[in-house]
Amino acid sequence: MLNFFKFLFSKTFLIQLVLAVVVSVLVVFGAMQWLKETTNHGEFVEVPDLSGKSVMETRTLIEKSGLRFSVLDSANYNPSYPRFSIIDQNPPAGNKVKEGRKIYITVNPSGYKKITIPNIIQVTQRNASSMLKAVGLEIERVTYIDELGKDMVYHIKHNGKYIKPGDKLPKTSKIELVCGNGNISERNQIKADSE
């Protein structure tokens with residue numbers, strides 16, 4: 001143990017200790033300087049507002065700012081924005097980021113996605129209305145025809161044309177329901193009497 005303490009206070013050990021401390025300080029100082037230069041410490045770029053801009057305008061603004069961008073899957077169509085324009089971005093406009101940071105953008109699609117019309121034939125108007133609203137379709141009006149099933153859906157129309165379950169329409173399309181009024185038409189009455 002005595003030899004160990006002699007070694008700790010020897011000239012050789014103290015010189016090596018001082019050299020190790022100096023080298024450590026130089027390495028840490030050099031690493032800090034290198035990180036400061038390569039990470040642009042304290043230097044930030046403001047994220048531009050891309051909302052409503054086209055993809056080409058966005059590319060120009062992003063490159064001019066020294067940033068990069070990546071397009072995320074298109075979201076649901078938003079009629080408040082032009083087609084194929086930017087509707088969302090992350091990080092948001094005005095944030096301070098490092099140069100070269102990737103900005104994630106969401107593009108407005110060309111229109112509403114297509115919705116499959118559910119089978120609402122022979123379903124009550126009330127249930128049909130709920131089923132249509134659930135998939136994103138709207139009822140423009142309800143018309144009635146002489147059929148025994150009161151408020152029972154017999155036909156579906158879109159823009160005056162008959163359509164059937166399984167057809168596809170853009171989301172938020174307005175459709176017309178043709179329902180029975182509870183009366184039997186003369187033709188059906190004659191047919192029922194003849195049987």
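This is a predicted model: local features need pLDDT of at least 70, side-chain atom pairs count only at pLDDT 80 or more; totals for chains, interfaces and linings use all residues.
Student: Why is Tyr162 called exposed?

Tutor: The relative accessibility of Tyr162 is 56%. Exposed requires a value over 50%, therefore Tyr162 counts as exposed.

Student: Which residues does Tyr162 contact, leaving aside its neighbours within four places in sequence?

Tutor: They are His155, Ile156 and Lys157. Each is called a contact because heavy atoms lie within 4.5 Å.

Student: How far apart are the C-alpha atoms of Tyr162 and Ile175?

Tutor: They are separated by 9.9 Å, and the two residues are 13 residues apart along the chain.

Student: What is the order of the strands in the open sheet?

Tutor: The four strands run in the order S7-S11-S8-S9, and their pairing is mixed.

Student: Why is one side of S7 and of S9 left without a neighbour in the sheet?

Tutor: Strand S7 (138–150) and S9 stand at the edges with a single partner strand each, so one side of each has no neighbour in the sheet. On average, neighbouring strands of this sheet are turned by 30° against each other, direction ignored.

Student: What makes S7 and S11 a pair?

Tutor: Pairing requires at least two bridges. S7 and strand S11 (residues 174–180) have eight bridges, in the parallel sense, and therefore count as paired. Thr143 stands opposite Val178 in S11.

Student: Which strands does helix H4 touch?

Tutor: Helix H4 (residues 125–135) packs on the sheet and touches S7, strand S8 (153–158) and S11. The direction of H4 makes about 160° with that of S11.

Conventions. Residues are numbered from 1 along each chain as its sequence is written. Side-chain values use heavy atoms; hydrogens and water are left out. Buried means under 20% relative accessible area, exposed over 50%, partly exposed in between (1.4 Å probe, protein chains only). Helices (H or I, at least four residues) and strands (E, at least two) are DSSP runs, numbered from the N terminus. Axes are lines fitted to C-alpha atoms, for helices over the stretch in contact, and angles run from 0 to 180 degrees between N-to-C directions.
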